Amino acid sequence: MTGPTAALRRAAPHLFGPPLPPAASLWAAHRRRALSAGPCVVLPLVLFLPLDRPDLGTAAALGGFTAIYGHALPYRRRAVVSAGVALVLVAAVALGGLAGPHPFVLAVVLGVLAATTTAATAIWQIGPPGPLMAVLVGGSASTLGADAGAVGQHVATAAGGGAFA
């Protein structure tokens, strides 16, 4: 093969990285994480829909993301990591909810959240997904509502979701 096609094939691994592993091997490596995180995120959403409070279900699901951390850790260390992650995600819900109506403040809050959680996950050697979820949760919570009562309810249900996880 010669020409542009051959050059593209030679350059592709350098540009895009190695090919993804097959789906079966991904499932074999991460099924425990998927099977525990799935219900921790889906059940709160389903439980709050009949109450006509999808915002509370979303907040609880954001706290439920705690379940994706620490699967490779021994049980005692995982319990400590899970509790710490739940606290951080609940704080991210509070900060995101309060900063939501103010885009500049939200950007600063998410930047500080990214920096502090990056340092914390490096110091305490908390594995993947590291600081990603704190920033994602804070940004997502910014759309749930910003009055004090709503933020308080969202924080409480996020704490419940984190405890469930």
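In the predicted model, Gln 125 lies in the loop that connects α5 and α6. Gln 125 is exposed, because its relative accessible area of 63% is over the 50% cut-off. The backbone at this position has a positive phi of about 50 degrees, although Gln 125 is not a glycine. Trp 124 is also placed in the loop between α5 and α6. With a relative accessibility of 55%, Trp 124 counts as exposed. The C-alpha atom of Trp 124 is separated by 9.0 Å from that of Val 81, a residue 43 positions away along the chain. Pro 129 belongs to the loop between α5 and α6 as well. The peptide bond that leads from Pro 128 into Pro 129 is cis, and its omega is near 5 degrees.

The chain as a whole contains 7 helices and 0 strands. Read from the N terminus, the order of elements is therefore α-α-α-α-α-α-α. The C-alpha trace spans about 65 × 40 × 40 Å along its principal axes. Of the 165 residues in the chain, 33% are buried. Among contacts with a separation of 6 or more, 69% are between residues 24 or more positions apart.

In soluble globular proteins, nonpolar side chains tend to be buried together. In this model, the largest nonpolar core has 25 residues. Leu 62, Tyr 69, Leu 89, Val 93 and Val 137 are the residues with the most contacts inside this core. Two or more core residues are given by each of α2 (23–48), α3 (54–64), α4 (75–99), α5 (103–123) and α6 (132–141). The largest share, 7 residues, comes from α4. When residues up to four places away in sequence are not counted, Leu 62 touches Leu 89, Val 93, Val 137, Ser 140, Ala 141 and Leu 144.

The axes of α4 and α6 come within 7 Å and cross at roughly 35 degrees. The crossing of this pair is right-handed. On the α4 side, the contact is made by Val 88, Leu 89, Ala 92, Val 93, Gly 96 and Gly 97. The residues of α6 that take part are Met 133, Ala 134, Val 137, Gly 138 and Ala 141. By class, the residues of the contact between α4 and α6 comprise 8 nonpolar, 3 polar and no charged.

For α2 and α3, the axes come within 8 Å and the crossing angle is roughly 165 degrees. Since this angle is over 145 degrees, α2 is roughly antiparallel to α3. The crossing of α2 and α3 is right-handed. In α2, the residues that meet the other helix are Cys 40, Val 41, Pro 44, Leu 45 and Phe 48. Their partners in α3 are Pro 54, Leu 56, Gly 57, Thr 58, Ala 60, Ala 61 and Gly 64. The contact of α2 with α3 divides into 9 nonpolar, 3 polar and no charged residues.

The loop between α2 and α3 includes Asp 52. The phi angle of Asp 52 is near 60 degrees, a positive value in a residue other than glycine. Asp 52 has a relative accessible area of 62%, over the 50% cut-off, and is therefore exposed.

Ala 67 is located in the loop between α3 and α4. At a relative accessibility of 3%, under the 20% cut-off, Ala 67 counts as buried. Apart from neighbours within four places in sequence, Ala 67 is in contact with Ser 36, Ala 37, Cys 40, Arg 78 and Ala 165. One of these residues, Cys 40, also takes part where α2 meets α3.

Methods:
Residues numbered from 1 in each chain as written. Predicted model: local features only at pLDDT ≥ 70, side-chain atom pairs only at ≥ 80, totals over all residues. Heavy atoms only, no water. Core = buried A, V, L, I, M, F, W, Y, C linked by side-chain atoms within 4.5 Å. Buried < 20%, exposed > 50% of the residue type's maximum accessible area, 1.4 Å probe, protein only. Helix = DSSP H or I, 4+ residues; strand = E, 2+ residues; numbered from the N terminus. Contact = heavy atoms within 4.5 Å. Axes fitted to C-alpha atoms, helices over the stretch in contact; angles between N-to-C directions. Left-handed = near helix turned anticlockwise from the far one by under 90°. Nonpolar A, V, L, I, M, F, W, Y, C, P; charged D, E, K, R; others polar. Parallel < 35°, antiparallel > 145°, perpendicular 65-115°, else oblique.
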